[in-house]
Amino acid sequence: MVFPGMPVTLPVDVGADDRVLLVPTHDRTYAKVGIIAEVSERVRLAGRGFVVSLTGLHRATLGAATADADGVLRVDHQPHPDQVPAPVATREIEREYRAVVDEILELRGDDGRIRAFVRSITDAGALADTAGYSPDFSFAQKVQLLETLDVVERLTLALQFQRDRLAELQVRKRIRDDVEDGTQKQQREYFLRKQMDAIRKELGESDGSVVDEYRKKIADAGMPDVVRQQADRELDRLERMGDSNAEASMLRTYLDWLLSVPWNRRSDDRLDPGHARDVLDDDHEGLDDVKRRITEYLAVRKLRTDRGMAETRRSGVILTLIGPPGTGKTSIGESIARATGRQFVRMSLGGVRDEAEIRGHRRTYIGALPGRLVRALRDAGTMNPVIMLDEVDKLGADWRGDPSAALLEVLDPAQNHSFRDHYLDVELDLSHVLFVATANVADTIPSALFDRMEIIRFDGYTTQEKVAIARGHLWPRQVERNGLRADEVTISDDVLQLVIADYTREAGVRQLERELGKLLRKSATRVASAEQTTPIVINEAAVRDGLGRAKVFHEAATRTTVPGVATGLAVTGVGGDVLFVEAASMPGKGGLVLTGQLGDVMKESARIALTYVKSHASDLGIDENALEGRELHVHVPAGATPKDGPSAGITMVTAIASLLSHRPVKSTVGMTGEVTLQGRVLPIGGLKQKILAAHAAGLTEVIVPDRNAPDLDDVPSDVRDRMRFHIVQSVDQVLAIALELVEVAAAA
Ligand SMILES: Nc1ncnc2c1ncn2[C@@H]1O[C@H](COP(=O)(O)OP(=O)(O)OP(=O)(O)O)[C@@H](O)[C@H]1O
Ligand SMILES: [Mg+2]
């Protein structure tokens, strides 16, 4: 089809005429519009006939036609040149049209020539006619374009065609890309394998096929017989299949995994308690109790092994280290590995909610892989490593299966010599693995697991212990890490203590190590840029300069100046902490408002506390009508953290009693204990962690329930010596100790 501006060469005889009318026809019907074309050249061919070159000029509508005397068809017509300049309305459509065409050309990989051509066309009508060049449009579409005389209409129509075209091209490209991705990967693998074979041949290495190579590896792997048979079976399948199809690559992956298990490799187990203790002492400061328990555990294992006693359900309890972050649980696990001469692998269970994570997926699933245990064994490279099950308290369970059930099997000595991973589908002997678990808190450990655990608690460190840890471990490590030598930079114990007190608030030492790292980085920079000569002494000024203003404040003194605020002690996932209970009253209909994200148990404590105070008002020197027409509000700040548990009971009583009696609470006193309606004080958990937190927060007296008194033995002596403990049985004792004697006038 010819459009205006288009040159064509046709083998026709046009006689002497300068102009012809070209009309497209299909099935003997003529289009209603034709093109007037000008003859630019005519050539008589050597044989007979002519060839003429024509250039389309403009459109014309057709009228009646008659044949003249020479048999040439003469047509009445009405010329329709495009309106120039085109109506303003075309501007917007024109821009859009060019953009769409550009994108099509981009997709088709135009080298720029067509784009330049389209750009050279300035008339809107002519621009629409460029669609006539496109091989993508059908005859009918082109006729439609031809027959549209109005420029605006024609350009709109052409735009619509091009848009459809673009959409189609985009879909096609996407499909092609997807398919290519898949096939390319396979092809690539295929070619790489071929190349590998070629390279091997070149190097004169065994030119045996892949299958031979697997056969050799399987023979050397020292697999148990059953596994060996399974491996051979799969290898035979691979051989029959040939190397180039997709299933073959799945089989190879499977064989690779099977071979990655260190079937016959074991490190020499060293179960010498004395040596173990030495290693533990080398790596960790303090933790005396922990080290003793670990040594005992290893001693018992040794004895049982020496005497050939089989592991039973009861004997194989799992060592579980529970405590706040940064207290050395993971790192003591590594020490256990070192002490026993085993490899160490850490397996983080945090957020694992799917049994398949532990046991793997069956091979029938696409992309199936073995579970974490198989991977751990591969990483260890031996069948008797120490595997640390980190964060067992953060295991989840949902519809995908309960991972703790799988773990239970893994940890059960009666079953774990024949553990079956879904993917490998052969039996693995895990009975020589030494499992050590860690957790931050005990209460979220699945109870079936908890039953089988031997719990060792890490309660956190005192300031003095932290100084020792910093001196012996953190400081030397950070000095080295920052490229300095031990004699180039020094710090005194007092300054270490300052860093601990003013810049860290934690049970463990992780923050402390970070802060020391920060200080040393600054020193290293100075040394490197020759700003300071060594040796550098890090003193208080250097600490303030390097770490900025103190980050931790001891609030108890300021918080408790007004009546109604009492200092309690709590244990959270990150260790012990002090918490303030605030009470206030305001005009209202009576009743109790509780805020601070309190759990149900804690809310009940508040109710009990209020009831107790009301019923003992006169004994406490409180006006019977103090709450008449008033509403009581109890708040436990740090409102964003949820809190629960009964151990804030006496703190709540104290806060309410303090408010109503106008006697402030002593700022040096911290307390913990559950309370009953009769005013008895019941014991609580985590006393050591609470006391350490109280000490770190600058409190000097702690009120402790009578039945917790024996727990005070666990508190390190340097802390115990510096604090006063009040052992109490009832709330009136608590109030006698906690409330200031002088009655101060209400601030208002
Ligand atoms: N008693 C200690 N002696 C020497 N270094 C210690 C001691 N306690 C902790 N550390 C060091 O503190 C760092 C943090 O300890 P680790 O990573 O073992 O903490 P964690 O108890 O596993 O904490 P989380 O619960 O957050 O996993 C380690 O570098 C460790 O070596
Ligand atoms: Mg850890």
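**Exercise 1.** Work out which polar side-chain atom lies 2.6 Å from an oxygen atom of ligand 1.

*Solution.* Start with the cut-off: a polar contact is a pair of N or O atoms within 3.5 Å.

A quick note on the model: it is predicted, so local features need pLDDT of at least 70 and side-chain atom pairs pLDDT 80 or more, while totals for chains, interfaces and linings use all residues. Residues are numbered from 1 along each chain as written, chains are lettered from A and ligands numbered from 1 in written order, and side-chain values use heavy atoms, without hydrogens and water.

**Exercise 2.** Decide how the rings of Phe 117 and Tyr 133 are arranged.

*Solution.* Rings of Phe, Tyr and Trp (its six-membered ring) pair if their centres lie within 6.5 Å; planes under 30 degrees apart are stacked, over 60 edge-to-face, the rest tilted. Here the centres are 5.5 Å apart and the planes at 85 degrees, so the pair is edge-to-face.

**Exercise 3.** Is Tyr 254 buried or exposed?

*Solution.* Buried means under 20% relative accessible area, exposed over 50%, partly exposed in between (1.4 Å probe, protein chains only). Tyr 254 has 0%, so Tyr 254 is buried. Tyr 423 is buried too, at 4%.

Terms used:
Polar contact = N/O pair within 3.5 Å; in protein donor to acceptor, adjacent residues only side chain to side chain.
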